[in-house]
Amino acid sequence: RGRLRVRSGIVGSVEKVVSNLSWEVSSLVEKGQRKGAAASPSSPMRRRRRQQQQRGASDLLPSVFGKALRGTFALHVMSGRTDDPTKTGSGAILYPWHFSEAMAHDSYVGSTKYTFTTYAPIAFRCLRQMLGYSDSSYLASLNKLEGGTLGAGKSGEYFFKTGDGRFILKTLPRREAEVLRSVLPSYHSHLFASRNTLVGRAERVASAASSSEAAGEKEGGGYPDGVMRVGLKTFLARYLGLYAVELMGKKRKMYLVCMENALARTQGLSPTCIYDLKGSKQGRFVDTKKEKKKEMVLKDVNWERSGLRLRLPDFIYRQVAESLRRDVELLQSMNICDYSLLIGMHKQQGASHGYFWCSIIDTLQLFNMKKRSERFVKKSVLGQKDVSCEDTMTYAKRFLDFALLKVFQPVDVHATYDIGLQGFE
């Protein structure tokens, strides 16, 4: 036992050292590839340093953001641009400069000067209009921010939530901000092509029971009238805006992305259990006895051990499978990896059904030199199997296999279920 403890300690130390080394090597390589551009702070040490630098800005953000965003909207309205499709309702007609432009202005909070930058304002405004958010409602929600705490994952980013719970504001490294700007044209086209499709979101509950309970369900019946409604046929996280805040005297900008809250409270219900699923097993288990966090996020091994399945009528299951494949094909074409299927569940005690939320999140990580180095270290040096980091083709196949075989399950269309697809609208 003593030898095993020593061996596990040595392996853990070696893994940390090699991981830091691979991050540094990949950063240097990518810095050379970018011809002298500043490498992003990617190693664990640099990530902690970036968190310390952002802490001051994150404290001021709730008082800064709403005012700055209103100023940006006012400048946009006064600009009198004639190439703005949001004023004509033709949201599909966007030009290359709509995705690459940025609008910046200076302002003060107290005696502190800051620069607020809005990226691709017209393109994101088109996305918000497509999703049904007016400028006034968007501004009203973002005028009040809560939180400013570190997320539950390993990213080390700060998360803010609007007072009404509709939106999430998340800090992100410069590299991911650049990825979002580069993939924004494809992302916009994908969402635009997914609009007005006959895939619904229920306003009531969803089947979320273990496979062992499936045999006990009664047959007959159908869907209650008025349960389904038309929406977007995609699981991808909804990005609504990209911003940056730079305080006077600080050397680094704080980049922020605004997203729909994939786990927003609906019909008076909130998720009581949350899963982050990638389809891998290495390091994908959360010991619920040791973790004492209020909002615990469970992972793949926890899901498999629970025996849970999200049971859908076969025709809904086919639409879900088709949409997942389209989403994953898009991510693969953009060289994106390391994304997750976020599942939120609300299951009443003693009931065989419940309500669930679903979204594909963390879609801004490229399979670059950093990820190639991570995969090499974990598989070839440490000898780990079924690691999370894989090339985009392998990752996409494993992700889809897990989602369509171990998460969603088709059932007889004549069975009695109240289906809810929150986040899939």
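Visitor: Is Lys371 buried or exposed?
Guide: The model here is a predicted one. In it, Lys371 has a relative accessibility of 5%. A residue is called buried when its relative accessible area is under 20%, so Lys371 counts as buried.

Visitor: Which residue meets the side chain of Lys371 in a salt bridge with an N to O distance of 3.1 Å?
Guide: A salt bridge needs a side-chain nitrogen of Lys or Arg within 4 Å of a carboxyl oxygen of Asp or Glu. For Lys371 the N to O distance is 3.1 Å, and the partner is Asp338.

Visitor: How many residues apart are Lys371 and Asp338?
Guide: Lys371 is in helix 9. Asp338 lies in the loop between helix 8 and strand 14. The pair links distant parts of the chain, and the separation is 33 residues.

Visitor: Is Asp338 buried or exposed?
Guide: The relative accessibility of Asp338 is 19%. The limit for buried is under 20%, so Asp338 counts as buried.

Visitor: Which residues are joined with Asp338 into one network of salt bridges?
Guide: The salt bridges in this network share partners. Besides Asp338, the network takes in Lys278, Lys371, Glu374 and Lys378.

Visitor: Why are the buried residues of helix 9 said to lie on the same side?
Guide: In helix 9, residues 369-381, the buried residues are Lys370, Lys371, Ser373, Glu374 and Val377. They are placed on the same side because of the arc they cover around the axis, which is only 160 degrees.

Visitor: Which residues are exposed on the other side of helix 9?
Guide: Exposed means over 50% relative accessible area. On the other side of helix 9, the exposed residues are Phe376 and Ser380.

Visitor: Which residue with a positive phi follows helix 9?
Guide: The phi in question is near 70 degrees. The residue that follows helix 9 with this value is Gly383.

Visitor: How far apart are the closest N and O atoms of Asp300 and Arg284?
Guide: Side chains of opposite charge can pair when their charged atoms come close. Asp300 and Arg284 form a salt bridge, with their closest N and O atoms at 2.7 Å.

Visitor: Where in the chain are Asp300 and Arg284?
Guide: The two residues are 16 apart, and the pair links distant parts of the chain. Asp300 is in helix 7, residues 300-306, and Arg284 is in the loop between strand 11 (273-277) and strand 12.

Visitor: What is the relative accessible area of Arg284?
Guide: Asp300, the partner of Arg284, counts as buried at 0% relative accessibility. Arg284 is buried too, with a relative accessible area of 6%.

Visitor: Which residue of strand 15 stands opposite Ser340?
Guide: Strand 14, residues 340-347, pairs with strand 15 over eight bridges in the antiparallel sense. Opposite Ser340 stands Ile361.

Visitor: How are the rings of Tyr187 and Tyr239 arranged?
Guide: A search of the whole structure gives 12 aromatic pairs. The ring centres of Tyr187 and Tyr239 are 5.5 Å apart, and their planes stand at 55 degrees. Planes under 30 degrees apart are stacked and over 60 edge-to-face, so this pair is tilted.

Visitor: How many residues apart are Tyr187 and Tyr239?
Guide: Tyr187 is in helix 6, residues 174-193, and Tyr239 is in strand 9, residues 239-247. The pair links distant parts of the chain, with a separation of 52 residues.

Visitor: How are the rings of Tyr339 and Tyr395 arranged?
Guide: Their ring centres are 4.8 Å apart, with the planes at 70 degrees. An angle over 60 has its own class, so this pair is edge-to-face.

Visitor: Which helix holds Tyr395?
Guide: Tyr339 lies in the loop between helix 8 (314-333) and strand 14. The pair ties together parts that are 56 residues apart in sequence, and Tyr395 is in helix 10.

Methods
Residues numbered from 1 in each chain as written. Predicted model: local features only at pLDDT ≥ 70, side-chain atom pairs only at ≥ 80, totals over all residues. Heavy atoms only, no water. Buried < 20%, exposed > 50% of the residue type's maximum accessible area, 1.4 Å probe, protein only. Helix = DSSP H or I, 4+ residues; strand = E, 2+ residues; numbered from the N terminus. Arc of directions from axis to C-beta. Pairing = 2+ DSSP bridges. Phe/Tyr/Trp six-rings, centres within 6.5 Å; stacked < 30°, edge-to-face > 60°.
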